[in-house]
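Hi,

Here is the structure I promised to pass on.

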Amino acid sequence: MKAIVMEKVKDLKYVDVDMPTPKDDEVLMQIMAVGVCGSDIPRLLVYGSHVLPIIPGHEFAGKIIEVGKDVEGWKPGDKASAAPLLPCNECEWCKQGIYSLCEGYMYYGSRNDGAYAQYLCVKAANLLRIDADTPYDWGATLDPAANAIHAFLRGNGTGDDICCVYGLGAIGLFAIQYAKVLGCEKIIAVDVNDDKLAVAKECGATFTVNSLKEDPVKAIWDYTEGRGATFTCDMSGFPSAQEQAILSTGKMGRVVFLGISHKGLELSAEAVDNIERYQLSINGSWNSFSNPFPGFEWTEAARLMNEKKFNPELLISHKLLLEELPEVFKKIDARDKSFVYNKIMFYPNGKEEVK
């Protein structure tokens, strides 16, 4: 089969590799669509993977071709996506069902071979069912959708909230869609890109702010008539947005930090005062897995996808063949300003059968 193999950072080759064979508790999946996660970019271009060489890619969906002898409930021809985490099931966090904090996990695409390939063997326990009329590339976005739902769970977000989302990558845009599903009447989207803000409106945002053009904190307090947001997520990871998220949130509000920054955060006196005087709750959100594995985040994302209450089509900016991936990552690495993207989707077995 064909696959993308990373030998070292920035060394991505489209090559022939051996076809995998499923174990007793696995299925062989023909990968019909695989997305580029925000974490793939530094993994492939900056830091490298936990093991090398490796086939990256962990946001995927496909057709089951073969099932292991111990697999029940799945058969050849079924459509599925999959959660990429392989928990150890032995550490204290796994025993509590908090699989996002597993201390001995494996992971498709970073610790095990992943889905930038025509075929992948996947544990049956990780599979999520995709309806016949749900496109494969929609199924390949379950990961960011589940991450968005996990953020809501971490911050106790509900339909009664004034919801504010900083950072409109795939997770941020799914957070906007989920706020709409829950019934939030005021949904605020903040970003530095007008095109992404326009997509946020299509996803359900009732108010948008370009933070390069105006002060988002003032705009949000004005829009909420002096109340502030009650539930705020930062999906960007930028320290300036993290502080603005705190300053945008009103009394007894909850703030969730999901965006990875690898940077320090020095808060202003005003932000610290807000945390204390407004009795804000600040929560971290990491991964998207809970009990029963892979968790409500995943089953709910799959349900909303199958019921067409999530619309990944609004997020997918590029639909490409897998052989184009090395050149795409060269453009990303060069910060090519002509290459503007959101969710990039690859089709390892061609585009003809992606529906």
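Predicted model: local features only at pLDDT ≥ 70, side-chain atom pairs only at ≥ 80, totals over all residues.

**The parallel sheet**

Six strands make up an open sheet, ordered S12-S11-S10-S13-S14-S15, with parallel pairing. Strands here are DSSP runs of E with at least two residues, helices are runs of H or I with at least four, and both are numbered from the N terminus. Two strands count as paired if DSSP finds at least two bridges between them. At the edges sit S12 (207–210) and S15 (281–284), each of which pairs on one side only. From one strand to the next the twist averages 15°.

Residues are numbered from 1 along each chain as its sequence is written, and side-chain values use heavy atoms, with hydrogens and water left out.

Back to the sheet: S14 (residues 249–257) and S15 are parallel partners over four bridges, and Val 255 has Ile 282 in S15 as its bridge partner. Helix H8 (residues 239–247) packs on this sheet, touching S10 (162–166), S13 (229–234), S14 and S15. The direction of H8 makes about 150° with that of S14. For such angles, axes are lines fitted to C-alpha atoms (for helices, over the stretch in contact), and the angle between N-to-C directions runs from 0 to 180 degrees. Contact means heavy atoms within 4.5 Å.

**Helix pairs**

Two packed helices are described by the angle between their axes and the distance between the axes. H5 (residues 170–182) and H6 (residues 194–203) have axes that come within 9 Å and cross at roughly 25°. The two are therefore roughly parallel to each other (under 35 degrees is roughly parallel, over 145 roughly antiparallel, 65 to 115 roughly perpendicular, and the rest oblique). On the H5 side, Leu 173, Ile 176, Gln 177 and Lys 180 meet Lys 196, Val 199, Ala 200 and Cys 203 of H6. That contact divides into five nonpolar, one polar and two charged residues. The classes are Ala, Val, Leu, Ile, Met, Phe, Trp, Tyr, Cys and Pro as nonpolar, Asp, Glu, Lys and Arg as charged, and the others, Gly among them, as polar.

H1 (residues 40–47) and H11 (residues 325–333) pack at about 80°, with axes 11 Å apart, which makes H1 roughly perpendicular to H11. Here Asp 40, Ile 41, Leu 44 and Leu 45 in H1 meet Phe 329, Ile 332 and Asp 333 in H11. By class, this contact has five nonpolar, no polar and two charged residues.

S1 (residues 2–8) and S2 run antiparallel and are joined by six bridges, with Met 6 opposite Leu 12. Their hairpin has two residues between the strands, and Lys 10 there takes a positive phi near 70°.

I get 21 salt bridges, taking a side-chain nitrogen of Lys or Arg within 4 Å of a carboxyl oxygen of Asp or Glu. One of them joins Lys 123 and Asp 25 (3.0 Å, N to O). Lys 123 is in S8 (residues 119–123) and Asp 25 in the loop between S2 (11–16) and S3 (26–35), so the pair links distant parts of the chain, 98 residues apart.

Two cis peptide bonds to look at: Leu 52 to Pro 53, omega about -5°, and Asn 291 to Pro 292, omega about 0°. Finally, His 262 is not a glycine but has a positive phi of about 55°.

Cheers
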